[in-house]
Amino acid sequence: GHAVLPGEDIETVQAGLSAFLRSALHEWPGAEAVCIDLDSDGDVAGVLAAPCANPVPDFALRGGAGFRRVLHPLTFSPEAGGLRDGLRVLIAGGGGQIGRELAVELARGAHARVALVGRREADAAIAGAIQAVGDAGGEAVYLRGDVTDAASIREAVAEAVRMFGGLDLVIHGAVSYSERALSALSDDDL
């Protein structure tokens, strides 16, 4: 599933299983499960037979060594490597909270110029996001575009390129969120 050691590739379907498992555990209180990401030489029988005191819901075994996933804050800055000052960014799903937070951090760390792209009409929350990016040292605009409509998103991308003279980074953060139990989701929802 996840890239645990240097040089490993991410297996997206397998990596998605751990997220599905965590969602299922939230929906069924009292249920217990552990997602174990094994390497090709993983000792499945040994893992299943071993007692599991205080199990971590999501871990990996590589060459007999255990690894637990830990999230660390990411600092965006040219000094940290990879981000140049004045970065030109388009964030699809830019009208949401995640898009806003990414834009603010990119503005703070790289004085980014950000095109926030979303489906809805600009509103007070969008104006607040644009202001927050400006306050953090960047520049932001809001463009209407829907990633499920090819013509719409092409138009938004073309406008961002025209405004910024090109793009250095595109982030696809557009999601459709519907809080429903897994059992209520259709095949199309999944």
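Analyst: The side chains of D168 and R88 form a salt bridge, with N to O at 3.0 Å; the term means a side-chain nitrogen of Lys or Arg within 4 Å of a carboxyl oxygen of Asp or Glu. This is a predicted model, in which local features need pLDDT of at least 70 and side-chain atom pairs count only at pLDDT 80 or more, while totals for chains, interfaces and linings use all residues. Residues are numbered from 1 along each chain as its sequence is written, and side-chain values use heavy atoms, with hydrogens and water left out.

User: Which parts does the pair of D168 and R88 tie together?
Analyst: D168 is in the loop between α5 (150-164) and β7 (169-172) and R88 is in strand β4, so the pair links parts that are 80 residues apart in sequence. Helices (H or I, at least four residues) and strands (E, at least two) are DSSP runs, numbered from the N terminus.

User: Is R88 buried or exposed?
Analyst: R88 is buried, at a relative accessible area of 18%, whereas D168 is partly exposed at 33%. Buried means under 20% relative accessible area, exposed over 50%, and partly exposed in between (1.4 Å probe, protein chains only).

User: What else does R88 touch?
Analyst: Leaving aside residues up to four places away in sequence, R88 touches R113, F164, G165, G166, L167, D168 and L169, where contact means heavy atoms within 4.5 Å. The R88 side chain also reaches the backbone oxygen of G165 at 2.9 Å.

User: How many salt bridges are there by this rule?
Analyst: The count comes to seven. Among them, R144 pairs with E121, the closest N and O atoms being 2.5 Å apart. R144 lies in strand β6 and E121 in the loop between β5 and α4, so this pair joins parts 23 residues apart in sequence. R144 is partly exposed at 45%, and E121 counts as exposed at 54%.

User: Moving to the strands, how does β4 pair with β5?
Analyst: β4 and β5 pair in the parallel sense over five bridges; two strands pair if DSSP finds at least two bridges between them. Within this pairing, A92 stands opposite V117 in β5.

User: And what about β5 and β6?
Analyst: β5 and strand β6 (residues 139-144) also pair in the parallel sense, over six bridges, and R113 stands opposite E139 in β6.

User: How enclosed is β5?
Analyst: Five of the six residues of strand β5 (residues 113-118) are buried, so β5 is largely enclosed by the rest of the structure.

Methods. Polar contact = N/O pair within 3.5 Å; in protein donor to acceptor, adjacent residues only side chain to side chain.
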